[in-house]
Amino acid sequence: MSRKKKEEEYPSILKERSPQEKGIFIVVFVIFVLYSVSLIYPFIWMFINSMKGATEFETGNPFAFPVEWRFYNYRRAFEMLNLDDGTTFYDMIFNSVWYTVLSSSLSVFTCTVTGYCLSKYDFKAKGIIYATAIFCMTIPIVGSMASYYKVIGELGLYDTPFYVVVTHLGGWGFNFLVMYGFFKNVSWFYAEAAFMDGGGHFLVFFKIMIPLAIGPIMTLFVVAFISNWNDYMTMILYLPSYLTLASGLYEFQAAKDYNAVDYPVYFAGLLISLIPAITLFACCSDIMMRNMNVGGIKA
């Protein structure tokens, strides 16, 4: 592509910045660099200290590099970070995986279904349902935990995996708004073409609409995955027999005295718990960051 054609298509990009714009750019760049360092440094500090021995960490300089790099602390994390009730580190990993995948998948899928139905089908109660969903999002839930806990117990969902299924089938909230807005901008001509070829509503939804919405669906799934992976209060309050890495490591540290915790090994366990969320985000970052445009005919 020639320079002239580039200038015609991207005039604002190739235009030389003014001194004021350069100054603002430098200030913003420095601010974001400092902000990034403030986020990354705690993990670097934790990684350095995870390589030390317990005595070196407690008596030495916590900001110094280790005398001996003890990579085997990560192996010891699988052996030592066990709870008194018999829950092992491997159990925490297994619970983290099934809880996070199940809760994230159900919440995103149900919101995709409700968003699609309300945006593409006309029926009498459509406006009432949409208004109710929006209104419920404005109601503060502070102070409702006691009644919610009572309801969970009365329904027999306490400390059972069914709690995860039932509580993530709502289909409303922020995810619903995102999917509703997305499907609202997708042309119904896609569905009409499928109907003319003999396709049904389920075929349209699963074979046409979901592939078109893979961008926002994956984005919402990654956000939900990270949130659920780091969730520790839910397991402690409602699923105490299925502690995840987040809740299990919290319980491990809370149950020990300060002097009884091998913090380098504990830091190693914390860093291990970060790997799945960081890996998923890195693999799906392109999908999350790029503009979610629908190809073909616009509504």
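**Rings and helices, term by term**

Reader: Why is Phe 183 called buried?

Author: Phe 183 has a relative accessible area of 0%, and buried means under 20%, exposed over 50% and partly exposed in between, with a 1.4 Å probe and protein chains only, so Phe 183 counts as buried. This is a predicted model, in which local features need pLDDT of at least 70 and side-chain atom pairs count only at pLDDT 80 or more, while totals for chains, interfaces and linings use all residues. Residues are numbered from 1 along each chain as its sequence is written, and side-chain values use heavy atoms, with hydrogens and water left out.

Reader: How many aromatic pairs are there by the rule used here, and what makes Trp 98 and Tyr 242 an edge-to-face pair?

Author: The count comes to 35 aromatic pairs, where rings of Phe, Tyr and Trp (its six-membered ring) pair if their centres lie within 6.5 Å, and planes under 30 degrees apart count as stacked, over 60 as edge-to-face and the rest as tilted. Trp 98 and Tyr 242 lie 5.8 Å apart, centre to centre, with 90° between the planes, and their pair is edge-to-face. Trp 98 belongs to helix H6 (residues 89–120) and Tyr 242 to the loop between helix H14 and helix H15, 144 residues apart; helices here are DSSP runs (H or I) of at least four residues, numbered from the N terminus.

Reader: Why is the pair of Tyr 116 and Phe 183 given its class?

Author: The ring centres of Tyr 116 and Phe 183 are 5.3 Å apart and the planes stand at 75°, so this pair is edge-to-face. Because Tyr 116 lies in helix H6 and Phe 183 in helix H10 (residues 174–184), the pair ties together parts 67 residues apart in sequence. Tyr 116, at 3% relative accessibility, counts as buried. Ring pairs also link both residues into a cluster with others, including Trp 188 and Phe 202.

Reader: What makes helices H5 and H16 roughly perpendicular?

Author: Helix H5 (residues 73–80) and helix H16 (residues 263–289) pack at about 90°, with their axes 8 Å apart. Angles of 65 to 115 degrees count as roughly perpendicular, under 35 as roughly parallel, over 145 as roughly antiparallel and the rest as oblique, so H5 is roughly perpendicular to H16. The contact (heavy atoms within 4.5 Å) involves, among others, Tyr 74 and Phe 78 of H5 and Val 265 and Leu 271 of H16.

Technical notes. Axes are lines fitted to C-alpha atoms, for helices over the stretch in contact, and angles run from 0 to 180 degrees between N-to-C directions. Helices (H or I, at least four residues) and strands (E, at least two) are DSSP runs, numbered from the N terminus.
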